[in-house]
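Welcome, and thanks for taking a look at this one. Please open the sequence and the structure side by side before reading on.

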Protein chains: 2
Amino acid sequence: MAIARRRVLIVEDDHKTADIVRLYLERDGYSVTSAYDGMAGLEAARTEPPDLVILDLLLPRMNGLDVCRRLRNECEAPIIMLTALSTEQDKLAGLELGADDYVTKPFSPRELCARVKAVLRRTAEGNDAPQPPLTYRDLFLDQERHAVTVGGIAAHLTPTEFQILAVLLKEPGRLFNRGQLVERALGYDYDGLDRTVDVHIRNLRRKIEPDPDAPTYIRTVYGIGYKLGP
Amino acid sequence: MAIARRRVLIVEDDHKTADIVRLYLERDGYSVTSAYDGMAGLEAARTEPPDLVILDLLLPRMNGLDVCRRLRNECEAPIIMLTALSTEQDKLAGLELGADDYVTKPFSPRELCARVKAVLRRTAEGNDAPQPPLTYRDLFLDQERHAVTVGGIAAHLTPTEFQILAVLLKEPGRLFNRGQLVERALGYDYDGLDRTVDVHIRNLRRKIEPDPDAPTYIRTVYGIGYKLGP
DNA sequence: CTTCGGGCTTAACAGTTTCTTAAGGGTTCT
DNA sequence: AGAACCCTTAAGAAACTGTTAAGCCCGAAG
């Protein structure tokens with residue numbers, strides 16, 4: 001699994017429209033949540049922070065612009081406005097509130113998908129801060145180069161192993177239970193067993209521990225999970 | 001030593017739009033000056049030479065195209081045209097006068113920021129001292145001549161192959177996923193499949209790898225993307 | 001105007017790597 | 001000792017890449 005699927009939240013009172021959009025987005029590999037009024041939209045954004053929000057302007061129970069404003073305060077996700085209104089006024093109002101793009105109805109689902117993709121790419125590119133390599137004792141992990149060495153010797157890790165090690169390495173000594181590891185390394189929408197982590201840990205140990213039977217880097221904490229170091 | 005902040009000049013008669021743009025650009029770390037008509041724009045460009053100009057086409061006191069023409073004569077700064085007009089005609093007129101990019105209203109501020117960034121990146125490369133050729137081991141790539149040699153032997157690359165290789169060569173060892181490669185080599189508004197990169201990589205390997213079946217220059221990182229060298 | 005050719009994109013398939021699952025055996029805790 | 005938990009293994013499932021070839025677009029040539 002390369003990268004966790006992006007989560008898109010649709011806030012749109014017309015179920016039919018919402019369903020069509022969902023269909024297209026899911027076909028493009030996104031994980032989609034729908035909300036059918038403004039309040040529900042905010043609610044959903046809180047419980048499951050999305051990577052992007054598609055927001056209808058005309059909503060029951062709370063105006064789209066208000067939702068937009070509050071979303072802006074509460075989460076980082078970019079917003080694509082969706083509406084039948086199409087005057088310059090409305091567009092400006094939306095953009096001013098921080099919408100990242102604006103699509104007027106009727107729209108083509110494919111166009112919307114294209115915009116979703118474009119917006120996500122733009123915002124992803126924004127945070128290209130150089131990530132410093134992580135180290136712990138003899139362990140060295142460079143996220144930018146996707147390279148791991150143990151005492152100077154390169155180790156070939158699979159994507160999942162790499163992710164898990166990175167998570168542990170970011171907070172040496174911190175204890176993670178399996179759920180936390182799964183969520184951070186495999187993505188929030190992973191739907192497998194926690195126990196899978198065990199296998200990855202084992203494979204990791206085989207690759208980075210001098211003696212996999214007496215691990216010194218990745219410790220097991222009985223009944224809880226794993227941590228790096230003492 | 002911190003690099004001086006880039007200076008952006010906005011020439012736009014609608015204060016509201018200008019303010020929004022300023023907001024976003026400043027958040028991205030630019031130093032922003034606003035001018036609200038053509039004359040003022042030229043004035044500002046003279047007193048405080050900007051690194052980039054965002055120029056509305058419809059302006060009081062002097063047409064945007066005229067401003068563009070005169071700016072071109074007086075300073076080096078690249079220009080991004082901003083306008084409600086969107087016919088192919090207008091676009092061509094703008095680009096012919098030396099605009100470096102063209103955004104039609106209504107536009108998303110984030111998109112504009114992305115374009116600003118892209119244009120600055122492009123021109124920073126073009127304007128500065130003659131760009132040193134890129135090399136890695138036996139690879140030699142001259143961006144000005146658009147020439148590539150491997151161990152002294154010329155390789156005939158297509159434009160896309162050339163771009164991809166250049167991107168990789170600028171940061172040897174750094175891992176790029178397909179999206180990043182697409183964005184840097186084909187442009188951020190590309191709307192095709194990421195997997196197209198695979199084909200280009202394959203063609204590249206066929207041209208520059210001694211043994212394309214055991215690549216030594218362009219490495220595949222399973223589940224993520226590609227990188228140059230170890 | 002038509003044809004030709006290069007280059008880009010897409011789709012499909014095969015081959016490979018990686019992930020997940022389940023089960024048995026070992027270990028730790030109470 | 002009993003119960004809960006962890007490790008190991010191996011096989012099937014899933015995901016990913018390499019490769020090929022066909023179609024499309026565009027500009028150049030006839």
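The report below goes through helix packing, a sheet and the surroundings of a DNA strand.

## A note on the model

Please keep in mind as you read that this is a predicted model.

## Helices H6 and H7 in chain A

Let us start with a helix pair. In chain A, helix H6 covers residues 159–170 and helix H7 covers residues 178–186. The two pack at an angle of about 115°, and their axes are 9 Å apart. The crossing in which H6(A) passes H7(A) is right-handed.

Which residues make the contact? H6(A) brings Thr160(A), Gln163(A), Ile164(A) and Val167(A), while H7(A) brings Leu181(A), Arg184(A), Ala185(A) and Leu186(A). Sorted by class, the contact of H6(A) with H7(A) has five nonpolar, two polar and one charged residues.

## The helix pair in chain B

Now turn to chain B. The axes of H6(B) and H7(B) cross at roughly 115° and come within 9 Å. H6(B) passes H7(B) in a right-handed crossing.

From H6(B), Thr160(B), Gln163(B), Ile164(B) and Val167(B) meet Leu181(B), Arg184(B), Ala185(B) and Leu186(B) in H7(B). By class, five nonpolar, two polar and one charged residues form the contact of H6(B) with H7(B).

## The sheet in chain B

Chain B also holds an open sheet of three strands, in the order S10-S12-S11 with antiparallel pairing. Strand S10 (175–177) and strand S11 (218–221) of chain B each have a single partner strand and stand at the edges, so one side of each is left without a neighbour in the sheet. On average, neighbouring strands of this sheet are turned by 30° against each other, direction ignored.

Look next at S11(B) and strand S12 (residues 225–228) of chain B: they pair in the antiparallel sense over four bridges. Thr220(B) has Tyr226(B) in S12(B) as its bridge partner.

## Around DNA strand C

How many residues surround DNA strand C? There are 24, and the closest are Thr158(A), Thr160(A), Gly192(A), Thr158(B) and Gly192(B). Two or more residues of the surface near DNA strand C come from each of H6 and helix H8 (196–208) of chain A, and from each of helix H6 (159–170) and helix H8 (196–208) of chain B.

By class, this surface near DNA strand C has twelve nonpolar, eight polar and four charged residues. Thr160(A) links two parts of this report: Thr160(A) is in the contact of H6(A) with H7(A), and Thr160(A) is among the closest residues to DNA strand C.

Methods: Residues numbered from 1 in each chain as written. Chains lettered and ligands numbered in written order. Predicted model: local features only at pLDDT ≥ 70, side-chain atom pairs only at ≥ 80, totals over all residues. Axes fitted to C-alpha atoms, helices over the stretch in contact; angles between N-to-C directions. Left-handed = near helix turned anticlockwise from the far one by under 90°. Contact = placed C-beta atoms within 7 Å. Nonpolar A, V, L, I, M, F, W, Y, C, P; charged D, E, K, R; others polar. Near = placed C-beta within 6 Å. Pairing = 2+ DSSP bridges.
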